[in-house]
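Please keep the sequence and the 3D view open while reading.

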Amino acid sequence: LADLLDSFDAFSVPDFQNLADEIHIYIGDENPFGSHLATLMTSYRIPGKRRGVFGILGPQRMAYGYNASLLREAQILINSL
């Protein structure tokens with residue numbers, strides 16, 4: 001994981017600045033972090049402070065519905081700061 005994060009800039013990643021508030025799921029060849037992984041990502045906004053993205057990186061065989069719910073709840077909490 002540390003190697004993956006260290007080389008993050010080398011990946012062909014989606015335009016995170018324009019990532020919408022929906023949860024985006026990247027699986028297999030769509031996943032910029034490796035075809036053997038899956039990524040769920042969404043954006044957040046802290047009014048008057050900053051905008052960013054966060055997500056969950058894991059195996060392709062993950063509980064997508066559960067993890068999407070976790071991301072949605074985290075997004076709601078962060079956006080309310």
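## A buried aromatic pair

Phe54 has a relative accessible area of 18%, so Phe54 counts as buried. The model that gives this value is a predicted one. Tyr44 is buried as well, because its relative accessible area is 16%; the cut-off for a buried residue is under 20%.

How many aromatic pairs does the count give? The count comes to one aromatic pair. The pair is made of Tyr44 and Phe54, whose ring centres are 5.9 Å apart and whose planes stand at 50 degrees, so the pair is tilted. Tyr44 belongs to strand 2 (residues 37-46) and Phe54 to strand 3 (residues 50-59), so the pair ties together parts that are ten residues apart in sequence. In general, two values describe a pair of aromatic rings: the distance of the centres and the angle of the planes.

| Residue | Relative accessible area | State |
|---|---|---|
| Tyr44 | 16% | buried |
| Phe54 | 18% | buried |
| Asn67 | 13% | buried |

## The sheet

Strand 2 and strand 3 run antiparallel and are joined by ten bridges. Strands of a sheet pair through backbone hydrogen bonds, either parallel or antiparallel. Across from Phe54 in strand 3 stands Thr42. Another position in this pairing is Ile46, whose bridge partner in strand 3 is Arg50.

Is Asn67 buried or exposed? Asn67 counts as buried, because its relative accessibility is 13%. Leaving aside neighbours within four places in sequence, the contacts of Asn67 are Leu40, Ile56 and Met62.

## The whole chain

The protein chain has two helices and three strands, and along the sequence they follow the pattern α-β-β-β-α. Of the 81 residues in the chain, 33% are buried. The accessible surface comes to about 5,400 Å², and 55% of this belongs to carbon and sulfur atoms. Among contacts between residues at least 6 apart in sequence, 37% join residues at least 24 apart.

## Confidence in the model

The chain averages a pLDDT of 82, and 78% of the residues score at least 70. Among the elements, helix 2 has the highest mean pLDDT (94), whereas helix 1 (residues 2-6) has the lowest (67). Where pLDDT is low, the predicted coordinates should not be read in detail.

Conventions: Residues are numbered from 1 along each chain as its sequence is written. This is a predicted model: local features need pLDDT of at least 70, side-chain atom pairs count only at pLDDT 80 or more; totals for chains, interfaces and linings use all residues. Side-chain values use heavy atoms; hydrogens and water are left out. Buried means under 20% relative accessible area, exposed over 50%, partly exposed in between (1.4 Å probe, protein chains only). Contact means heavy atoms within 4.5 Å. Rings of Phe, Tyr and Trp (its six-membered ring) pair if their centres lie within 6.5 Å; planes under 30 degrees apart count as stacked, over 60 as edge-to-face and the rest as tilted. Helices (H or I, at least four residues) and strands (E, at least two) are DSSP runs, numbered from the N terminus. Accessible areas come from the Shrake-Rupley method with a 1.4 Å probe; for residues, only the protein chains shown count as cover. Two strands pair if DSSP finds at least two bridges between them. pLDDT is the predictor's confidence in each residue, from 0 to 100.
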